[in-house]
Amino acid sequence: MLSMKANDPAFAAEDGAHMQDDLRQQISSLILDRAALLTWDTVAVFPFTGTEMLEPEYCNRVGHLLVQLMAMAVREGRVDSRSGFIADLNRVALERTLSAERLFSFVYLLERTIMDELALSDTIGATSEPWPVVAQIIRRASFDLVAAYTERLQQEPAETAIIDRLTTLYTRVMLEAVLAKEVERAGRFGYPMSLILFDVDHLSTINKEHGYGVGDRILERLGILIRKYFRQHDWVARHSEDAIVVLLPLTDADNASELAERVRATVEERLGLPIIVTIRRCRSRSAPPS
C-alpha cells in the first residue's frame, strides 16, 4: 500500500528539493576538499591568458578566493555582492589593476577545471546519473560569481567602464569581455547561445527634431524596460548610441527570436512618450560553436 506522502506531488517536489540541496552540499565539499589542486591546475594556465604576465603568488591568491566563492555559490545557490569574499576579491584585483575581462577568464578556467576534476568522481562524475544536474549547478555558480563581482564593481569609481550611466545597462566593453568567454564555453560544452540586437529607428532624427534630451529619455526608459524581460544570468548591454544587445546563454535561436519579438512589441508600446518610437529586432541568432 502506497503512503499518502508517496502519492502527493507536494511531497515529491519537497524530496526533489532536498536531493538537490544534498547534491549542492556534496559538490561544495568536494570543491573545498580539492581547493589546492583546483587552484594549482587553474593557475598553471591563467598567467598566459593575457598580454601582462602575473606572478604565481598573486595568481594563487586570486585562485584561492575564486575557489571559495565557487564553493559558496554552489552551496547557497547565489553569491552576495556584499560578501567578504567578493570584497577581498575586489581588493586583490585592484592591487594589479586586474581587468574584469581577465578575472572572468580566471572564473571560466576554474569552472572548466572543476568540471574536469568532478567528472572523475565515482558518485557524481560524468558517468553517474546526477552528472547533468552537477554540470548545471557548476555552470550556474560561475554565472552567479561573475554577476556578483560585476554588481560590486558598480559601486567603485571605475563603474563607467562597466555600467552605462544613461541606460544603467552594461557597457559594450563589459559585453565584449563576457562574450568571448561565453562563446568559448558554449563551444566546449555544446550548448546554444543567442544574441539579440535591438535598434531604435531614426534616433539621430529624433535628437535633431526634438532635442537630445528626448533621445536620452528614450534610451533611459529602454534600459529600464528591456532589462525586466531577461534572466539574471543574461547580459543586457548598450552596444552603441542607438542599439542594445542581449546575450542569452543556454538559449537557442528560435526561442531567442520569439522572445525578441515579444520584447520589441511590448517595449515599443510601453515607452509612453509623446512621439512615435519604433524598435527593430536586427538580429537574433545562435552563436556557432568555436
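**Pocket and rings**

Reply: The largest pocket has a volume of about 440 Å³. A pocket here is an open set of points on a 1 Å grid over the protein atoms alone, where a 1.4 Å probe fits, with protein on both sides within 12 Å along at least five of seven lines; lining residues have an atom within 4 Å of a point. The volume is the space filled by probe spheres set on the points, joined across faces, edges and corners. The model is predicted: local features need pLDDT of at least 70 and side-chain atom pairs 80 or more, while totals for chains, interfaces and linings use all residues. Residues are numbered from 1 along each chain, and side-chain values use heavy atoms, without hydrogens or water.

Me: Which residues lie nearest the centre of the largest pocket?

Reply: A147, E151, Q154, Y170 and Q232, out of 22 lining residues.

Me: Which helix gives the most to the lining?

Reply: α7, with six residues. Helices are DSSP runs of H or I, at least four residues, and strands are runs of E, at least two, numbered from the N terminus.

Me: Switching to rings, how many aromatic pairs are there?

Reply: One. The ring centres of Y170 and W235 are 5.1 Å apart with planes at 45 degrees, so the pair is tilted. Rings of Phe, Tyr and Trp (its six-membered ring) pair if their centres lie within 6.5 Å; planes under 30 degrees apart are stacked, over 60 edge-to-face, the rest tilted.

Me: What parts does the pair tie together?

Reply: Y170 is in the loop between α7 (131-153) and α8 (172-189) and W235 is in strand β2 (residues 235-240), so the pair joins parts 65 residues apart in sequence.
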